[in-house]
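Please look through the structure below together with the briefing that follows it.

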Amino acid sequence: MIKDNQESEKIDNKQNKLILGISVIQSLVTKFISDPTQILSGIKQILFFYRLLPPEWKKKAFWIFEKLWNKKKVVISTEPERSERVYNLTFDNDDLTQLYNSLPEIDQAIFLQGREMQLLIQKGLHGDSDEIKQQVEKRYGQRGLNIVNMLTTNDIEYFIEELKKPITKEVESVFNEWVNKYDSFTLLVSPTNLDKPQEIKNKIIAIAKNNFRKYVLINLSGKIGDCTSLINLISEMKEKKELNYSQFNPDIKESGFCKSLRIKIEF
Amino acid sequence: MEFLQVNPSNKRVILELFSKVMDKEGFILEKKSGKRIVCPYSKKEIHSDSFSILPGSSTFVNNISYCFAEHITTHH
């Protein structure tokens with residue numbers, strides 16, 4: 001008897017959901033026509049009731065789903081936070097936005113990944129940023145690596161400083177020149193290499209000699225002690241006449257849980 | 001842009017609405033042909049535990065940053 005009651009409760013429950021599902025779909029038809037801003041909630045309701053609907057109502061639900069989906073306002077994902085990270089990217093200055101808009105699609109895609117890495121680093125998520133960097137290197141090679149490094153180190157600012165404004169499509173050839181030679185006038189120092197100062201000095205001297213610009217750019221991400229070690233090392237190079245530069249400008253900023261040091265050595 | 005989470009309770013309906021099904025190993029197949037679908041960017045098969053459907057052309061992709069970035073820049 002109890003079992004029969006439970007069975008009939010289950011059937012009633014299913015029936016109620018079905019009626020509710022149909023009425024939701026009916027209201028969606030009206031709502032969608034009068035208020036197209038309800039796209040996500042409309043899709044969610046269709047997904048919730050779809051399986052309960054009889055075949056003729058499924059067709060109607062599918063028709064509404066297609067209309068809502070074709071508005072191109074929703075991303076469906078098993079990791080929405082990951083796709084959202086890329087879809088919601090913006091640049092924090094107008095020049096960078098103009099530069100981005102002037103580049104070909106593939107460079108724009110690399111640019112977006114560099115910006116994503118930059119934001120992850122700011123949040124202290126260096127591991128996630130490194131994961132993207134590995135993918136960038138694998139997919140786009142040294143050129144891709146150079147573009148994302150220009151963004152994560154903020155060296156892109158030096159490039160923008162040199163540009164004629166306003167930035168137009170003609171920027172592409174200058175950008176290409178910078179990107180292709182970027183790794184020849186910059187050095188990314190790893191804190192783990194600071195115990196080999198001569199090795200770092202040799203690298204700095206090598207890029208200074210081969211460089212087509214009047215400056216070289218040095219970057220490091222680590223603890224404040226790592227930053228001061230590198231600054232001291234570069235000062236020492238001038239004192240010991242190992243590197244004859246006119247001036248150098250160290251710039252230390254917060255970078256997630258680390259400090260980022262950027263040095264421009266001018267000759 | 002708004003973002004919808006795929007979870008175990010809505011996954012099959014989502015796939016059905018896009019004419020897709022899953023095979024025994026959890027890879028996504030075209031319902032009609034029964035063939036595993038391939039991400040147009042990574043060129044890899046797509047597992048139902050880790051995928052996104054991007055607007056514009058209902059593109060199924062792997063959850064890798066370059067797949068999102070390249071789709072955005074080619075469909076803006």
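A residue is called buried when its relative accessible area is under 20%, exposed when it is over 50%, and partly exposed in between, using a 1.4 Å probe and protein chains only. By that rule, 42% of the 267 residues of chain A count as buried. This is a predicted model, in which local features need pLDDT of at least 70 and side-chain atom pairs count only at pLDDT 80 or more, while totals for chains, interfaces and linings use all residues; side-chain values use heavy atoms, with hydrogens and water left out. Residues are numbered from 1 along each chain as its sequence is written, and chains are lettered from A, with ligands numbered from 1, in the order in which they are written.

**Chain A as a whole**

- The secondary structure of chain A comes to eleven helices and five strands, where helices (H or I, at least four residues) and strands (E, at least two) are DSSP runs numbered from the N terminus.
- Contact means heavy atoms within 4.5 Å, and among contacts in chain A between residues at least 6 apart in sequence, 65% join residues at least 24 apart.

**Helix α4 of chain A**

- In helix α4(A), which spans residues 80–87, the buried residues are Pro80(A), Arg82(A), Ser83(A), Val86(A) and Tyr87(A).
- These residues lie on the same side of α4(A), because they cover an arc of only 160 degrees around the axis, the arc being that of the directions from the helix axis to the C-beta atoms.
- An α-helix has 3.6 residues a turn, so residues three or four places apart point the same way.
- Within chain A, the buried residues of α4(A) pack against β1 (74–77), α6 (105–122) and α7 (126–152), and from chain B they meet β1 (2–5), β4 (52–54) and α2 (65–74).

**Helix α6 of chain A against helix α2 of chain B**

- The axes of α6(A) and α2(B) come within 8 Å and cross at roughly 135 degrees, where axes are lines fitted to C-alpha atoms, for helices over the stretch in contact, and angles run from 0 to 180 degrees between N-to-C directions.
- That angle makes α6(A) oblique to α2(B), since angles under 35 degrees count as roughly parallel, over 145 as roughly antiparallel, 65 to 115 as roughly perpendicular and the rest as oblique.
- On the side of α6(A), the contact is made by Glu105(A), Ile106(A), Gln108(A), Ala109(A), Leu112(A), Gln113(A) and Glu116(A), while α2(B) contributes Ser65(B), Tyr66(B), Ala69(B), Glu70(B), Ile72(B), Thr73(B) and Thr74(B).

**Two buried residues of chain A**

- Asp107(A) is found in helix α6 of chain A and is buried, with a relative accessible area of 2%.
- Leaving aside neighbours within four places in sequence, Asp107(A) is in contact with Arg143(A), Ile147(A), Phe175(A) and Asn176(A).
- Leu163(A), in the loop between α8 (156–162) and α9 (171–181) of chain A, counts as buried at 11% relative accessibility.
- Not counting residues up to four places away in sequence, Leu163(A) touches Val171(A) and Val174(A).

**Positive phi angles**

- Most residues other than glycine have a negative phi, and most peptide bonds are trans.
- Lys72(A), which is not a glycine, has a positive phi of about 60 degrees; Lys72(A) sits in the loop between α3 (55–69) and β1 of chain A and counts as partly exposed at 46% relative accessibility.
- Ser19(B) has a positive phi near 55 degrees, lies in the loop between α1 (11–17) and β2 (20–22) of chain B, and counts as partly exposed at 40% relative accessibility.
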